[in-house]
Amino acid sequence: RYHTLTPMLIIAGENDLVIPVEPLRKAAERFNANFMLARDMAHNLVLDTGHEKVASDMLIWLEKVISN
């Protein structure tokens, strides 16, 4: 397990056929990163339908990180 002072967020698309969820979940554990599952999303999280929710969730995470 690695530790860094830099906050990290790993986001996985629930329906991603390119990079499955579990390797990303394991990467989050290995790097002590936060993990977020984007429900009903595929690989292209910034262009898929529903990308606004992913962006909103990222901003909420970032605001929490900045406030700590």
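Three salt bridges turn up in this structure, which is a predicted model. Here they are side by side.

| Salt bridge | N to O distance | Location |
|---|---|---|
| Glu14 and Arg39 | 3.1 Å | loop between S1 and H1; loop between S2 and H2 |
| Glu22 and Arg25 | 3.0 Å | helix H1 |
| Lys53 and Asp57 | 2.9 Å | helix H2 |

Side chains of opposite charge can pair when their charged atoms come close. Glu14 counts as partly exposed because its relative accessibility is 30%, while Arg39, at 55%, counts as exposed.

Glu22 and Arg25 are three residues apart in H1, about one turn of the helix. Both are partly exposed: Glu22 has 42% relative accessibility, and Arg25 has 29%. In H2, Lys53 and Asp57 are four residues apart, again about one turn of the helix. Lys53 comes out at 55% relative accessibility, so it counts as exposed.

Now for the fold that carries these pairs. The chain has two helices and two strands, and along the sequence they follow the pattern β-α-β-α. Strand S1 (residues 9–13), helix H1 (residues 21–30) and strand S2 (residues 34–38) make a right-handed β-α-β unit. The two strands pair in the parallel sense over five bridges, with Ala12 standing opposite Leu37 in S2. How enclosed is S1 by the rest of the structure? Largely so, because four of its five residues are buried, meaning under 20% relative accessible area.

For the chain as a whole, buried residues make up 22% of the 68 residues. The C-alpha atoms fill a box of roughly 30 × 25 × 15 Å along the principal axes. The accessible surface comes to about 5,100 Å², and 59% of that belongs to carbon and sulfur atoms. If you look at contacts between residues at least 6 apart in sequence, 61% join residues at least 24 apart.

Two loop residues are worth a look. Asn15 is in the loop between S1 and H1, and it is partly exposed, with a relative accessible area of 41%. Setting aside residues up to four places away in sequence, Asn15 touches Asp40, Met41 and Ala42. Its C-alpha atom is separated by 20 Å from that of Glu29, 14 residues apart along the chain.

Asp48 belongs to the loop between S2 and H2. Which residues does Asp48 contact, leaving aside its neighbours within four places in sequence? They are Met41, Ala42 and His43. Met41 and Ala42 are also among the residues that Asn15 touches. Asp48 is partly exposed, at 23% relative accessible area, and its C-alpha atom is separated by 19 Å from that of Phe35, 13 residues apart along the chain.

Last, the greasy side of the surface. Leu59, Leu62 and Ile66 form a nonpolar patch there, with about 310 Å² of accessible area together. Ile66 lies in helix H2 (residues 51–67), the helix that also holds Lys53 and Asp57. At 64% relative accessibility, Ile66 clears the cut-off of over 50%, so it counts as exposed.

Conventions. Residues numbered from 1 in each chain as written. Predicted model: local features only at pLDDT ≥ 70, side-chain atom pairs only at ≥ 80, totals over all residues. Heavy atoms only, no water. Buried < 20%, exposed > 50% of the residue type's maximum accessible area, 1.4 Å probe, protein only. Pairing = 2+ DSSP bridges. Right-handed = clockwise from strand over helix to strand, strands pointing away. Patch = residues over 30% accessible without salt bridge, like charges linked within 9 Å, V, L, I, M, F, W, Y side chains within 5 Å. Areas by Shrake-Rupley, 256 points an atom, 1.4 Å probe, with all protein chains shown as cover. Salt bridge = Lys/Arg side-chain N within 4 Å of Asp/Glu carboxyl O. Contact = heavy atoms within 4.5 Å.
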